[in-house]
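Student: I would like to learn how to read a model like this one. Could you take me through it step by step?

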Amino acid sequence: QGLSFYSGEVCYRRDYELSGDGGKHILRIPVWKGTSCVVQVNGIKVADVTREKFKMDVGPYLSPGTNTLEIYITGTDGDFGLLKDFSLE
């Protein structure tokens, strides 16, 4: 078609302090745009997100102390990423 293929990835990262045992902690990703979305907790892939308004209990992957939550969104054009910020409740 005469058009070059563009692909890129953006990562959203946040550290959370957890005092005590894991329990239930719900990750909410309200709206994202792209071709794929991957969730990692403390460097471990825990989900491939396939839909908007995604939520998941990430409590089993958390430990006392500092925990890192990363969301990777890949797109095939310049218009991809989180459209609303994610939250951990």
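**Reading the model**

Tutor: Start with one residue. Leaving aside neighbours within four places in sequence, Gln-40 is in contact with Lys-45, Val-46, Thr-68, Leu-69, Glu-70 and Tyr-72. Keep in mind that this is a predicted model.

Student: Where is the place of Gln-40?

Tutor: Gln-40 lies in strand 4.

Student: Is Gln-40 buried or exposed?

Tutor: Use the cut-off: buried means under 20% relative accessible area. Gln-40 has 18% relative accessibility, so it counts as buried.

Student: Now the confidence. What pLDDT does the protein chain average?

Tutor: Read the average first, then the elements. The protein chain averages a pLDDT of 87, and 89% of the residues score at least 70. Among the elements, strand 5 has the highest mean pLDDT, 95. Strand 8 (residues 81-82) has the lowest, 86.

Student: How many helices and strands does the protein chain have?

Tutor: Count the elements before pairing them. There are 0 helices and 9 strands. From the N terminus on, every element in the run is therefore β, as the order β-β-β-β-β-β-β-β-β shows.

Student: Over how many bridges do strand 4 and strand 5 pair?

Tutor: Strand 4 (residues 36-41) pairs with strand 5 over 5 bridges, in the antiparallel sense. Then look at the turn. The hairpin of strand 4 and strand 5 has 2 residues between the strands. In this hairpin, Asn-42 takes a positive phi near 55°.

Student: And the open sheet of 3 strands: which are its edge strands?

Tutor: Its order is 6-2-9, again with antiparallel pairing. The edge strands are strand 6 (54-57) and strand 9 (87-88), and each pairs on one side only. Strand 2 (residues 26-29) and strand 6 pair over 4 bridges.

Student: How should I read the core?

Tutor: In soluble globular proteins, nonpolar side chains tend to be buried together. Here the largest nonpolar core has 20 residues. Leu-27, Ile-29, Val-39, Ile-71 and Phe-86 have the most contacts inside it. Strand 1, strand 2, strand 4, strand 5, strand 6 and strand 7 (65-75) each supply at least two residues of this core.

Student: Which residues is Ile-71 in contact with?

Tutor: Set aside its neighbours within four places in sequence. Ile-71 is then in contact with Val-10, Cys-11, Tyr-12, Leu-27, Ile-29, Cys-37, Val-38, Val-39 and Phe-86.

Student: Last, what do the chain totals say?

Tutor: Of the 89 residues, 39% count as buried. The accessible surface comes to about 5,600 Å², of which 49% belongs to carbon and sulfur atoms. Among contacts with a separation of 6 or more, 77% join residues 24 or more positions apart.

Methods
Residues are numbered from 1 along each chain as its sequence is written. This is a predicted model: local features need pLDDT of at least 70, side-chain atom pairs count only at pLDDT 80 or more; totals for chains, interfaces and linings use all residues. Side-chain values use heavy atoms; hydrogens and water are left out. Two strands pair if DSSP finds at least two bridges between them. pLDDT is the predictor's confidence in each residue, from 0 to 100. Buried means under 20% relative accessible area, exposed over 50%, partly exposed in between (1.4 Å probe, protein chains only). Contact means heavy atoms within 4.5 Å. Accessible areas come from the Shrake-Rupley method with a 1.4 Å probe; for residues, only the protein chains shown count as cover. A nonpolar core is a set of buried Ala, Val, Leu, Ile, Met, Phe, Trp, Tyr and Cys residues joined through side-chain atoms within 4.5 Å.
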